[in-house]
Amino acid sequence: MTQRKWSRRVTEHSDALDLDEGVFKEDDPKAIALSLKRSAEHSRRRKGTALQSAMGMLTFYINRAGDNLSARRRRVLEKAKDELRQAFHKKRRHSSSCPPARKTM
């Protein structure tokens, strides 16, 4: 395996989570989230909370795929983040109580 494939090796053989095969290829964001949640909750090797491990793996996958993700695929995976927060009963990071950033000219 070449050094360019280290991210694939991490995804397939992560010491943090045992992922369901094809979890990131699902078209349903909720199915992705629930699979990650299940994997994180059953893992005894994870560091941090189950939510942190699941979110970390999802973010890792999105970041490593980078420009190779289609806009549709990226939307599905980003929506999976929201579904994951919902599955763990957490609110979105950016709540309505935060004022929007001001534009400067």
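Predicted model: local features only at pLDDT ≥ 70, side-chain atom pairs only at ≥ 80, totals over all residues.
Q: Where do I start, and what elements does the protein have?
A: Start with the inventory of elements. The protein has 4 helices and 0 strands. Read from the N terminus, its elements run α-α-α-α.

Q: What share of the residues is buried?
A: Of the 105 residues in the protein, 35% are buried. For the surface, the protein exposes about 8200 Å², and carbon and sulfur atoms supply 48% of that area.

Q: How much of the contact set comes from residues 24 or more positions apart?
A: Here one looks at contacts with a separation of 6 or more and asks what part of them spans a longer stretch of chain. In this protein, residues 24 or more positions apart account for 58% of those contacts.

Q: Now the helix pairs. At what angle do α2 and α4 pack?
A: For a helix pair, take the angle and the axis distance together. Helix α2 covers residues 29-42 and helix α4 covers residues 71-87; they pack at about 50°, with their axes 7 Å apart. That angle makes α2 oblique to α4. The crossing of α2 past α4 is right-handed.

Q: Which residues make that contact between α2 and α4?
A: On the α2 side they are P29, K30, I32, A33, L34, L36 and K37, and on the α4 side R73, V76, L77, K79, A80, E83, L84 and A87. Sorted by class, the contact of α2 with α4 has 10 nonpolar, no polar and 5 charged residues.

Q: And how do the axes of α3 and α4 cross?
A: Helix α3 spans residues 50-65, and its axis comes within 11 Å of that of α4, crossing at roughly 170°. Because angles over 145 degrees count as roughly antiparallel, α3 is roughly antiparallel to α4.

Q: Which residues of α3 and α4 meet?
A: L51, A54, M55, L58, T59, Y61 and I62 of α3 meet R74, L77, E78, A80, K81, L84 and R85 of α4. The residues of this contact of α3 with α4 divide into 9 nonpolar, 1 polar and 4 charged.

Q: Let me zoom in on one of them. Is E78 buried, partly exposed or exposed?
A: E78 lies in helix α4. Its relative accessible area is 32%, so E78 is partly exposed. E78 and L58 are 20 residues apart along the chain, and their C-alpha atoms are separated by 8.9 Å.

Q: What about the remaining pair: at what angle do the axes of α2 and α3 cross?
A: The axes of α2 and α3 cross at roughly 130° and come within 8 Å. That makes α2 oblique to α3. Here too there is a handedness to read: α2 passes α3 in a right-handed crossing. The contact is made by L36, K37, A40 and E41 of α2, together with A50, S53, A54 and L58 of α3. By class, the contact of α2 with α3 has 5 nonpolar, 1 polar and 2 charged residues.

Q: One backbone detail to finish: what is the phi of H89?
A: As a general idea, most residues other than glycine have a negative phi. In this structure, the phi of H89 is near 60°, a positive value in a residue other than glycine.

Q: Where is H89 found, and is H89 buried or exposed?
A: H89 sits in the segment after α4. Its relative accessibility is 73%, so H89 counts as exposed.

Notes. Residues numbered from 1 in each chain as written. Heavy atoms only, no water. Axes fitted to C-alpha atoms, helices over the stretch in contact; angles between N-to-C directions. Helix = DSSP H or I, 4+ residues; strand = E, 2+ residues; numbered from the N terminus. Parallel < 35°, antiparallel > 145°, perpendicular 65-115°, else oblique. Left-handed = near helix turned anticlockwise from the far one by under 90°. Contact = heavy atoms within 4.5 Å. Nonpolar A, V, L, I, M, F, W, Y, C, P; charged D, E, K, R; others polar. Buried < 20%, exposed > 50% of the residue type's maximum accessible area, 1.4 Å probe, protein only. Areas by Shrake-Rupley, 256 points an atom, 1.4 Å probe, with all protein chains shown as cover.
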